[in-house]
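Colleague: I would like to learn how to read this kind of model. Can you take me through it feature by feature?

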There are 2 protein chains.
Amino acid sequence: MTAALDRRLHGHLVIIGGHEDRENNKEILSRFVELCGGSKATIAVITAASKVPDEMWRRYDQVFTELGARQTVRVDLPDRATANDAELAERVRAADGIFMTGGDQKRLLAMIGGTLMDEAMHSALKQRGACIGGTSAGASAMCGHMLADGKADLLPEKGSVSLGAGLGFVQRVVIDQHFSERHRLARLLTVVAQNPYLLGIGIDEDTALVVERGVGIEVIGAGSVTVVDGRMMISNVADIPAGGTPQLIDVRLHLLPAGSSFALPEEIDHPHQLPPGATRNTPDALTDFVRNVTKRNPVS
Amino acid sequence: MTAALDRRLHGHLVIIGGHEDRENNKEILSRFVELCGGSKATIAVITAASKVPDEMWRRYDQVFTELGARQTVRVDLPDRATANDAELAERVRAADGIFMTGGDQKRLLAMIGGTLMDEAMHSALKQRGACIGGTSAGASAMCGHMLADGKADLLPEKGSVSLGAGLGFVQRVVIDQHFSERHRLARLLTVVAQNPYLLGIGIDEDTALVVERGVGIEVIGAGSVTVVDGRMMISNVADIPAGGTPQLIDVRLHLLPAGSSFALPEEIDHPHQLPPGATRNTPDALTDFVRNVTKRNPVS
């Protein structure tokens with residue numbers, strides 16, 4: 001088995017902050033197709049988050065085909081019965097890549113959560129090393145605790161954001177997208193203030209957090225990934241009324257622009273496995289973040 | 001000497017993020033007038049930051065008079081010669097309160113930096129315990145290292161913000177205003193990334209950081225004060241080209257909404273001196289911030 005094949009078996013996640021380039025250099029979608037296996041890849045496109053699934057299918061079918069994928073498979077899920085269709089689920093289980101479009105993550109989870117399709121996606125990732133991609137709503141949906149809804153006001157506001165049960169490809173984190181463009185730091189701080197167990201991840205537009213499970217992470221595209229760690233935080237959030245602004249002291253903030261790359265500390269002795277350019281000294285402050293998103297959690 | 005008089009001798013700063021309420025409850029300007037001595041107070045109004053000094057003078061003369069100040073003194077500084085006028089400087093040296101309006105902090109410093117008026121303001125604060133207030137540009141100008149100019153883009157950008165020499169009522173910090181409303185966190189992170197010696201302070205509109213020198217701080221008004229501490233930060237900012245986005249790891253962020261109040265640790269045994277509601281246990285993560293802004297630095 002070659003090193004390249006070995007790497008693919010880890011499984012990758014390509015978590016995109018929305019509005020990824022589809023016209024020019026297509027950096028992020030190219031990387032996704034490459035991680036799916038390039039010209040050998042069969043890619044399933046799940047449009048269930050969107051109210052305009054036909055348009056979404058045409059958009060991604062075209063770009064993945066342009067980028068050289070061998071085959072694309074339309075996974076239209078108008079209802080939960082379809083998400084429990086055994087034949088369609090088997091096609092997803094056998095896919096090299098699975099891509100979730102934008103739309104509304106609540107809609108996506110309402111269709112897919114707990115279905116055969118859900119189980120097939122986990123199986124493809126964890127047993128066959130498939131690559132799972134998602135943009136915008138499709139990015140948020142990757143977490144176990146999913147940011148479902150919430151105001152993005154100027155300041156954090158207790159009770160203004162709700163979480164839901166996501167797909168759980170990553171745990172102990174919560175993902176927001178269109179992050180800098182829609183000024184969502186206050187919203188992410190609201191989540192972290194009330195749920196300091198979760199590390200907050202904000203992904204900018206045309207930017208992706210690329211995760212190689214068990215190995216490391218990389219940021220690609222045009223913007224940055226912001227990480228908010230509230231575990232050392234001192235806060236009065238439990239004592240203030242809903243609607244109030246919590247006092248937050250000692251939130252740890254990390255800004256990881258495109259080009260940032262970090263390996264798990266135990267992987268730095270295996271340089272052939274590292275993401276390109278990965279630092280050989282992941283700072284202590286980032287270790288748990290890298291560990292959480294790269295964790296090879298069991299099939300659920 | 002009563003405790004109240006004793007407190008006034010410390011000197012106060014009222015550092016306002018702009019757009020303070022002047023029509024309704026006037027919370028911040030009321031507090032300013034009170035800290036100047038209320039009905040006994042003579043308040044000098046410095047309009048040098050503004051290109052419309054007549055309008056600024058009318059605005060603050062009216063509101064300070066409405067709020068019961070005994071006397072207001074117009075300090076119009078059309079040129080540096082006027083800022084070196086001995087008679088006008090003596091009136092400022094003898095004032096109970098000195099207020100700097102909004103406008104452009106570079107204009108204010110170009111008129112006043114290094115003049116008799118500059119020296120008179122420091123003398124009033126440090127030798128007589130006067131209260132210095134400033135809003136917007138007048139807030140930024142209070143620092144030794146003054147945020148002079150800079151883009152507020154979506155992400156920090158190396159080289160996009162310039163500092164200048166400010167009035168130096170507070171040292172080892174840099175102040176930005178209209179903070180949440182104008183989405184200025186990235187700009188403040190730019191300053192802190194390149195100048196980690198400075199703690200970044202972002203003050204929202206209609207919000208003030210009230211400093212009692214040698215004692216403690218309080219946040220009042222409608223919004224919050226954000227503090228950004230980059231001293232533990234790991235960054236590549238020195239190695240990237242101008243215009244690039246720096247990687248920032250382990251920036252400490254504090255959000256202090258109105259109502260937050262902290263005393264210097266050594267002052268908690270003197271409860272009569274504490275700001276109202278001041279916590280008796282200022283978290284370690286905030287101690288240096290409180291220490292820097294309350295420091296009774298010598299007359300310069």
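Modeller: Start with one residue. This is a predicted model. D288(B) has a relative accessibility of 30%, so D288(B) counts as partly exposed.

Colleague: Which residue forms a salt bridge with D288(B)?

Modeller: R231(B) does, with the closest N and O atoms 2.7 Å apart. R231(B) sits in the loop between β12 and β13 (234-235) of chain B, and D288(B) in helix α10 of chain B, so the pair ties together parts 57 residues apart in sequence. R231(B) has 41% relative accessibility, so R231(B) is partly exposed.

Colleague: What about D288(A) and R231(A) in chain A?

Modeller: Their side chains meet in a salt bridge, 2.7 Å from N to O. D288(A) is in helix α10 (residues 284-294) of chain A and R231(A) in the loop between β12 (224-229) and β13 (234-235) of chain A, so parts 57 residues apart in sequence are tied together. D288(A) is partly exposed at 32%. R231(A) is partly exposed at 41%.

Colleague: How many salt bridges are there over all chains?

Modeller: The count comes to 37. One of the pairs is D76(A) with R74(A), whose closest N and O atoms are 3.9 Å apart. D76(A), at 29% relative accessibility, is partly exposed. R74(A), at 31%, is partly exposed too.

Colleague: Now the interface. How do I read its size?

Modeller: The size of an interface is often given as the accessible area lost when the parts come together. Here chain B and chain A bury about 2400 Å² between them, with 70% of it on carbon and sulfur atoms. L154(B), L253(B) and L255(B) supply 23% of the area that chain B buries against chain A, more than any other three residues. The contact takes 30 residues from chain B and 30 residues from chain A.

Colleague: How many salt bridges and polar contacts are counted between chain B and chain A?

Modeller: There is 1 salt bridge between chain B and chain A. The polar count is 11 residue pairs. In the salt bridge, R252(B) meets D250(A), with the closest N and O atoms 4.0 Å apart. D250(A), R252(A), D250(B) and R252(B) are linked in a network of salt bridges.

Colleague: Which element supplies the largest share of the side of chain B that touches chain A?

Modeller: β14(B) does, with 10 residues. That side of chain B divides into 18 nonpolar, 8 polar and 4 charged residues. Strand β14 (residues 248-257) of chain A pairs with β14(B) in the antiparallel sense, over 5 bridges. L255(A) has L248(B) as its bridge partner.

Colleague: And how do I read the faces of a strand?

Modeller: In a regular strand the side chains alternate between the two faces of the sheet. Take strand β4 (residues 97-100) of chain B. G97(B) and F99(B) on one side, and I98(B) and M100(B) on the other, are all buried.

Colleague: Which strands pair with β4(B)?

Modeller: Strand β2 (residues 42-46) of chain B runs parallel to β4(B), joined by 4 bridges. I43(B) is partnered with G97(B) there. Strand β5 (residues 131-135) of chain B also pairs with β4(B) in the parallel sense, over 4 bridges. There F99(B) has G133(B) as its bridge partner.

Colleague: Last one: is T226(B) buried or exposed?

Modeller: Buried, because its relative accessibility is 5% and the cut-off for buried is under 20%. T226(B) lies in strand β12 (residues 224-229) of chain B. Beyond its neighbours within four places in sequence, T226(B) contacts residues including F179(B), I201(B), L253(B) and L255(B).

Note on methods: Residues numbered from 1 in each chain as written. Chains lettered and ligands numbered in written order. Predicted model: local features only at pLDDT ≥ 70, side-chain atom pairs only at ≥ 80, totals over all residues. Heavy atoms only, no water. Contact = heavy atoms within 4.5 Å. Buried area = accessible area lost by both parts, 1.4 Å probe. Polar contact = N/O pair within 3.5 Å; in protein donor to acceptor, adjacent residues only side chain to side chain. Helix = DSSP H or I, 4+ residues; strand = E, 2+ residues; numbered from the N terminus. Nonpolar A, V, L, I, M, F, W, Y, C, P; charged D, E, K, R; others polar. Pairing = 2+ DSSP bridges. Buried < 20%, exposed > 50% of the residue type's maximum accessible area, 1.4 Å probe, protein only.
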